[in-house]
Structures are given as C-alpha cells and as structure tokens.
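Hi there,

Here is the structure we talked about, ready for you to open.

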Amino acid sequence: MKFNAKSRMQILLLLLPGLLVFGIFTVYPIIRLFWMSFFKWDFGSFLDQEFIALENYRTVLADENFRIAFTNTIVYTLITVPAQMAIGLLVAMLINSINHVKIGFRVAYYLPVITSWVIASLVFKYVFNTEGLLNYFLTNVIHVTSQNVRWLDSRWSGMTVAMLLGIWKGIGWNMVVFLAALQTVPLELYESASLDGAGSWQKFIHITLPGIRGTILFALVMLTIGGFNVYTSTKLITGGKPGHDTEVVLSWMYYKAFSNGKFGYSAALSFIIAIVLAILAVLQFRLMQNKDEG
Amino acid sequence: MSKRRLSQLVIYILLIAGLVVVMMPMIYMVSTSLKPNGALYEYPPRFFPKLREITLENYAYILGQKKFIGNFGNSILVSVLTVILSAIVSSALAFCIARFKFPGRSLLFGFIILTMIIPGTTMIVPQYELAVKLNTINSIWGLIPFYVAWVIPYSTFMIKGFVENIPKELDEATYMDGGSILVVFFNVAIPLAKPGIASVSIFNFLTAWEEFPWANTVINDDLKRTLPIAISGFFGQHQFTQWGYVFALSVLSLIPILIVFISCQRFFVQGLTAGSVKG
C-alpha cells in the first residue's frame with residue numbers, strides 16, 4: 001500500500017513521542033555508556049577525560065572484587081533458575097490436575113511475585129538475622145545448634161539467604177507460565193500413552209517435557225536475565241558485606257560508580273554484563289534448537 | 001475411597017502444605033506489624049503475637065506522619081503517570097512497527113530487543129548524568145520519563161503481538177471508508193489490542209511502584225521519596241531499626257498492588273502467557 005504525504009506525517013506523529021522518550025532516556029545512555037567505557041573517567045578527571053582504549057576492561061577483568069561479584073552472580077543464577085523452574089513446574093502440574101479452586105491456588109502462589117523486592121528482602125533479613133526467628137527455632141525449638149548462626153555475616157550463607165529469596169519470589173511466575181503451557185499439551189497423547197502402559201514418570205519425560213519445550217526455553221532466557229538483574233536483595237540483606245564478599249555484578253558496578261567515583265570502570269563493567277547476557281541468550285536458543293532437531 | 005479420590009486428596013494436601021511455606025514470610029510480616037514496637041528484636045521471637053498484645057500503634061504512627069502520606073501520594077502519581085504515558089507511546093510504536101515499513105524500523109526493533117536483555121541498572125551512570133543535566137534530581141520528573149523509557153521495550157513488544165493478531169482486512173475496510181491512519185489507530189488497533197495494553201499496564205504499574213535502585217539514586221529528600229525508598233529509609237536513619245514501622249508501611253504499600261492484581265487477574269495471566277507461548 002502506498003502512502004501519501006499526509007499519511008507519512010501521521011505515522012511520524014505516532015512514532016515521535018515513543019522515539020523521543022526511548023531515544024533520550026535509553027538509547028542515548030547506552031551509547032554514552034559505551035563511550036565512557038573507553039575513557040579514564042572518575043571524580044578526579046571529571047572535566048578532562050583521557051582516552052585509554054580497553055584499559056577499563058582490563059582493570060575490571062583483573063579485579064579480585066569483580067571476580068567475587070561475578071562468581072556470586074553466576075552461582076546465584078545457576079542455583080535459583082533451575083530451582084524455581086523445577087518447583088514452579090511441579091506446582092503447575094499439581095494445580096493442573098485438580099478440579100476445584102484452581103484459580104485460588106494460582107492467585108495465592110503468585111503473591112510473592114507481586115511483593116516488592118524491597119519488602120521481601122527486609123522480611124528475609126528479619127527472619128535470618130542472628131537474633132531472628134529462624135535462629136530461635138533452630139536453637140531453642142528443635143535444638144540442632146546451640147549457638148545462633150550468623151547467616152548474614154559470611155559469603156555463602158549470606159548468598160544462600162539471597163538465593164532462597166530469589167527462589168521463593170520466582171516460583172509463582174514459573175507456575176503461571178508453565179500452567180498455561182501444560183494446557184496446550186494434547187490430552188490424547190497422555191491417553192494413548194496410558195493404553196501403551198506408560199507410567200507417570202515416562203509420560204512426564206516423553207510427553208510433558210517435549211510438549212512445553214518452547215516455554216522452558218522462554219523461562220530459561222527470561223530467568224537468566226533476571227538472575228543477572230539481582231541487586232536489591234543482596235543490597236538490603238547483606239549490603240555486600242562482609243567486606244565485598246556478597247557483592248553481585250550490579251551492586252559492585254554501583255559501588256564503584258557512586259561510592260568510588262570510577263565511572264569509566266563501571267561503564268566497562270556494565271558492557272561486560274551486557275555482552276555476557278547476549279552470548280548466553282544466543283547460546284540458550286541454539287541449545288534448544290539442536291535438541292529440536294535431535 | 002477410590003484410588004482417584006485418594007490421589008486428588010494427596011495433591012490438595014501437597015498444594016496446601018506448599019502454600020503454607022510460601023505464605024509464611026508474608027504472614028510473619030503482617031504479624032510483626034501488629035506487635036508493639038519494642039526493642040530491636042523481641043525475645044523469644046514469636047511467629048504470632050499474643051492476642052492481648054495485638055495493636056495498631058505502628059499503623060497509627062505511619063498514618064500520623066505527613067511524610068509517609070506524601071510518599072504514598074508520590075508513588076501513586078509516579079506509577080499512574082508511568083502507566084498512562086507508556087500505554088500511549090508503546091501502543092503507537094507497536095502499531096507502526098506491526099503495520100508499516102518505515103526507515104529505521106529494524107534498527108528500532110533491534111534496540112527494543114537489546115534493551116530487554118540488558119539489565120536496566122547497568123545504565124544507571126549515564127542516566128544519572130542525564131538526570132543531573134536535565135535538572136530533575138530530587139524530583140518525580142527524574143523518575144517518570146526514565147520509567148516510561150524503561151518499560152517501552154517490553155510493552156511495545158507485547159502490544160505488537162496483539163496488533164499483529166488483528167486481521168488486516170479491518171484496517172483496509174477503514175481506509176476504504178476514507179479513514180486515515182490515525183482513525184485506524186484509534187478506532188481499530190487500540191480497541192482490539194486492549195487486553196494486551198491492559199496486561200502490560202499492570203506490569204508497568206508494578207514496575208514503577210516497586211522500583212528501588214534508580215529512585216534510591218535520584219531522590220534523597222524525605223518528602224520526595226516513593227514508598228520503596230521510604231521503607232528502606234528506616235535503616236541507618238535510627239540507631240535501632242523499628243521493625244514494626246517497617247512492616248506496617250510495607251503492608252500499607254502492598255494494598256494498592258493487591259487491589260490492582262486481584263481485580264485485573266484475568267488480563268495479567270493473558271499477558272504473561274501470550275509472551276511465553278509465542279516465545
């Protein structure tokens with residue numbers, strides 16, 4: 001279809017507000033970020049930035065604290081993503097197989113998802129505090145330990161609390177997404193498998209999983225991105241302490257920029273995160289496509 | 001009891017047991033907000049307050065403070081404006097991308113996908129610089145345009161899917177009747193993509209309502225804060241954290257979300273599943 005000048009003006013009119021907002025507040029900062037990452041750019045050199053090519057990237061990659069933060073983020077993602085997918089799928093299958101109050105369960109299991117990160121983090125901080133409810137339960141009720149565990153004062157126990165929160169908060173989203181996917185798997189497949197004498201486990205492996213493969217991929221990509229987005233929970237629960245042991249990539253980036261004034265360093269770090277995520281997304285799609293063919 | 005009834009019973013028991021675990025932190029939050037605001041940590045800690053202890057003093061304190069009422073208002077204003085503005089600009093973008101070939105179309109779509117992959121917080125340094133230049137530090141105008149820009153990619157992507165499902169014949173019939181592009185947009189695309197727009201709007205409300213890192217960076221004036229910043233602001237401000245106040249304010253800030261979520265549940269699920277089944 002050909003459009004005249006008036007139509008072109010109208011298309012422009014529709015595009016303009018979105019292009020302006022997206023361009024100024026998202027695209028421009030991305031380009032600016034890319035630019036900053038090649039300069040020595042900190043509190044000391046605010047007006048006079050020196051081009052240093054890839055030096056910031058080298059500094060980031062050689063930084064011990066970055067490695068800790070990166071490892072924490074990877075571990076967080078590797079543990080929380082499969083855990084929330086597995087539990088979410090299990091809950092979805094249970095809800096899918098009942099006849100009453102399906103919607104009631106769906107709404108109730110979804111509540112942690114709509115609880116804000118700030119609130120959820122503070123509740124977990126309160127429960128896991130050294131003088132908190134969990135320690136009281138462990139020492140005085142079931143007596144598995146005689147001394148309060150200092151959950152928030154060491155690297156892996158602190159990260160564990162953040163990971164438990166991540167899993168707790170993620171189950172509902174997975175449940176809703178998988179519940180919708182399960183309803184697209186044809187029931188006849190299960191019926192004919194039953195006639196062939198297949199057990200529940202075999203049906204799960206050979207019918208359910210292949211039937212929801214697309215959704216598994218979708219969840220995997222979205223949750224991996226989500227895993228790298230972790231920030232508010234560790235910030236509020238441990239504050240990166242002790243030292244910088246429980247820092248994740250985003251909180252470390254934030255710290256270097258706003259507490260240390262190393263903007264060039266932070267820009268390079270941001271780009272490294274973006275590149276890692278882009279590679280992971282492509283890899284995950286490839287992996288799933290290969291399985292398709294196989 | 002038949003075998004089938006028995007297995008149904010087991011499933012209900014499992015679901016309820018799981019639900020108890022899932023709800024425990026929320027119940028503990030509500031119960032703590034109803035306890036007298038004593039020392040830093042009560043000893044022994046109790047999951048439920050004693051009946052005669054139950055008090056609304058934490059809520060009375062919060063509701064008696066002008067600044068928290070102001071924070072509530074800020075959150076409402078920021079979230080509602082973010083929802084309205086992003087619904088308008090995203091549906092216009094989605095309509096154009098779905099229906100017309102214009103120069104830069106694939107570049108625009110590429111940036112939309114790219115920004116869905118990159119965590120928003122990575123852009124915080126240049127965005128802060130921008131907010132300083134625009135003189136919007138410590139103002140809700142330092143939040144709204146950034147939130148709108150932030151939710152545009154996902155909103156556009158989702159609404160585009162809904163627009164593509166509208167039969168093109170409807171557009172063409174309107175053009176035949178002499179309708180312009182704007183008429184098609186307002187009379188065909190918007191009404192038929194409404195479920196999509198509604199579902200992304202709920203997400204956008206949630207996003208703006210609970211956003212923490214950016215608001216925490218841009219706003220440091222007590223009165224200009226949104227709720228998440230006000231809630232986290234209880235830490236470090238007092239020597240002892242007043243957990244009763246923290247959780248009373250938390251419970252209050254969850255109420256609008258619950259209302260939006262429960263009343264729009266239908267759209268919510270539609271939006272979530274549209275993305276996943278396609279993906």
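Below is what was found in the model, starting with how to read it.

This is a predicted model, in which local features need pLDDT of at least 70, side-chain atom pairs count only at pLDDT 80 or more, and totals for chains, interfaces and linings use all residues. Residues are numbered from 1 along each chain as its sequence is written, while chains are lettered from A and ligands numbered from 1 in the order in which they are written.

**Confidence**

The model scores ipTM 0.91 and pTM 0.92. For pLDDT (the predictor's confidence in each residue, from 0 to 100), chain A has a mean of 91, with 96% of its residues at 70 or more. Chain B has a mean pLDDT of 90, and 93% of its residues reach 70 or more.

Chain A has 13 helices and two strands. Its radius of gyration (taken over C-alpha atoms) is set against a globule rule of 2.2 Å times the number of residues to the power 0.38. Chain A comes out at 24 Å, well over the 19 Å that the rule gives for 294 residues, so chain A is more spread out than a compact globule. Along the principal axes, the C-alpha atoms of chain A fill a box of roughly 80 × 75 × 35 Å.

Chain B contains 13 helices and zero strands. The radius of gyration of chain B is 23 Å, well over the 19 Å from the globule rule for 279 residues, so chain B too is more spread out than a compact globule. Its C-alpha trace spans about 75 × 70 × 30 Å along the principal axes.

**Where the chains meet**

Two residues are in contact if their C-beta atoms, placed from the backbone, lie within 7 Å. On that basis, 67 residues of chain B are in contact with 75 residues of chain A. Helix α1 (residues 3-33) of chain B gives the most to chain B's side, with twelve residues. For residue classes, Ala, Val, Leu, Ile, Met, Phe, Trp, Tyr, Cys and Pro count as nonpolar, Asp, Glu, Lys and Arg as charged, and the others, Gly among them, as polar. The side of chain B that touches chain A has 52 nonpolar, 14 polar and one charged residues.

One helix pair bridges the chains. Axes are lines fitted to C-alpha atoms, for helices over the stretch in contact, and angles run from 0 to 180 degrees between N-to-C directions. Angles under 35 degrees count as roughly parallel, over 145 as roughly antiparallel, 65 to 115 as roughly perpendicular and the rest as oblique. Helix α1 (residues 5-36) of chain A and helix α5 (residues 124-133) of chain B pack at about 115°, with their axes 8 Å apart. α1(A) and α5(B) are therefore roughly perpendicular to each other. Pro29(A), Arg32(A), Leu33(A) and Met36(A) of α1(A) make the contact with Val125(B), Pro126(B), Gln127(B) and Leu130(B) of α5(B). Six of these residues are nonpolar, one is polar and one is charged.

**Packing within each chain**

In chain A, the axes of helix α5 (residues 117-128) and helix α7 (residues 155-182) come within 10 Å and cross at roughly 130°, which makes α5(A) oblique to α7(A). Ala120(A), Ser121(A), Phe124(A) and Phe128(A) of α5(A) meet Val161(A), Leu165(A) and Lys169(A) of α7(A). That contact has five nonpolar, one polar and one charged residues.

In chain B, helix α3 (residues 66-99) and helix α6 (residues 144-164) pack at about 45°, with axes 7 Å apart, so α3(B) is oblique to α6(B). Their contact divides into 16 nonpolar, six polar and two charged residues.

**Two backbone details in chain A**

The peptide bond from Lys241(A) to Pro242(A) is cis, with omega near 0°. Pro242(A) sits in the loop between α11 (232-237) and α12 (249-259) of chain A. Ala53(A), in the loop between β2 (50-51) and α2 (55-62) of chain A, has phi near 55°, a positive value in a residue other than glycine.

Best wishes

Terms used: Helices (H or I, at least four residues) and strands (E, at least two) are DSSP runs, numbered from the N terminus.
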